[in-house]
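Biologist: Hi! Could you walk me through the charged side chains in this one?
Modeller: Happy to. Let me bring it up.

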Amino acid sequence: MGSLPGLARPGPRRRLVGVTRIISGTAGGVRLDVPKTGTRPTSDRVREALFSSLESTGMLDGTVVVDLYAGSGALGLEAISRGARTCDLVERGPKAAQVARRNADQVARAAGVRADVHAEAVQTFLRRATRIYDMAFVDPPYDHADDVLTADLALLGPLLAADALVVVERAKRSGSPNWQAAGLRAVRDRAFGDTALWWGEPDV
């Protein structure tokens, strides 16, 4: 899907309690609810830098996206707002999945595309999924064990297009995902304080 340029420099950090917003695109400015507990939302600063980089390469245009450990769905819904064709939001927590559905409805009214919300465990979803994805966001809890993340990525691998991109968000101290064990390869990484984004792609 093309190479990634340097990430855009993020703007000032913004702190919102219980709510965030779609940053840009057809649903730009739409307010998103955030689950009160049980999730760790991607900060506006990280999301803005990530999507500025992706959008500048055209990687989002018409793509099929999956957002694993979706929480509020902010990553997948941002992709919808910026041109993705469809998105699966996967969130096991019942309350968080309800929030993601409300947010998907809000974005659909503005963008004309509704993400599908799946209230089930990530590995359960991946074992039965049949879509081929152009982009995957993987944002597990920071205490997510390395071997579980590797298993997630190994199940995701066969569902990826040959030129797909996978973005994993986790604590910087956790280090790079074990891409090779999952049949993927590292592309690049970028740290934002205690948070790091790790890019991978199919090893073809």
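Biologist: How many salt bridges does a search of the whole structure find?
Modeller: The search finds twelve. Keep in mind that this is a predicted model.

Biologist: Let's take R185. Which salt bridge do the side chains of E201 and R185 meet in, and at what N to O distance?
Modeller: R185 and E201 pair through their side chains, with N to O at 2.8 Å. R185 is in strand β8, residues 184-192, and E201 is in strand β9, residues 195-202, so this pair ties together parts that are 16 residues apart in sequence.

Biologist: And where does D203 come in with R185?
Modeller: D203 forms a salt bridge with R185 as well, and the closest N and O atoms there are 3.6 Å apart. D203 sits in the segment after β9 while R185 lies in strand β8, so here the parts tied together are 18 residues apart in sequence.

Biologist: How is R185 classed, buried or exposed or something in between?
Modeller: R185 is partly exposed, at a relative accessible area of 34%.

Biologist: Good to know. Which residues do salt bridges with shared partners join into one network?
Modeller: That network is made of D44, R47, E55, E78 and R82.

Biologist: Now R114. What does its side chain do with D105?
Modeller: R114 and D105 meet in a salt bridge, with an N to O distance of 2.6 Å. R114 has a relative accessible area of 37%, which makes it partly exposed. D105 is partly exposed as well, at 31% relative accessibility.

Biologist: Switching topic: how many helices and strands does the chain have?
Modeller: There are five helices and nine strands. Starting at the N terminus, the order is β-β-α-β-α-β-α-β-α-β-α-β-β-β.

Biologist: What share of the residues counts as buried?
Modeller: Of the 204 residues, 51% are buried. As for the surface, the chain exposes about 9200 Å², and 47% of that is supplied by carbon and sulfur atoms.

Biologist: One last thing: what percentage of the contacts with a separation of 6 or more comes from residues 24 or more positions apart?
Modeller: Those pairs account for 67% of the contacts in that set.

Biologist: Great, thanks! I'll go and look at R185 with its partners E201 and D203.

How values were computed:
Residues are numbered from 1 along each chain as its sequence is written. This is a predicted model: local features need pLDDT of at least 70, side-chain atom pairs count only at pLDDT 80 or more; totals for chains, interfaces and linings use all residues. Side-chain values use heavy atoms; hydrogens and water are left out. A salt bridge is a side-chain nitrogen of Lys or Arg within 4 Å of a carboxyl oxygen of Asp or Glu. Buried means under 20% relative accessible area, exposed over 50%, partly exposed in between (1.4 Å probe, protein chains only). Helices (H or I, at least four residues) and strands (E, at least two) are DSSP runs, numbered from the N terminus. Contact means heavy atoms within 4.5 Å. Accessible areas come from the Shrake-Rupley method with a 1.4 Å probe; for residues, only the protein chains shown count as cover.
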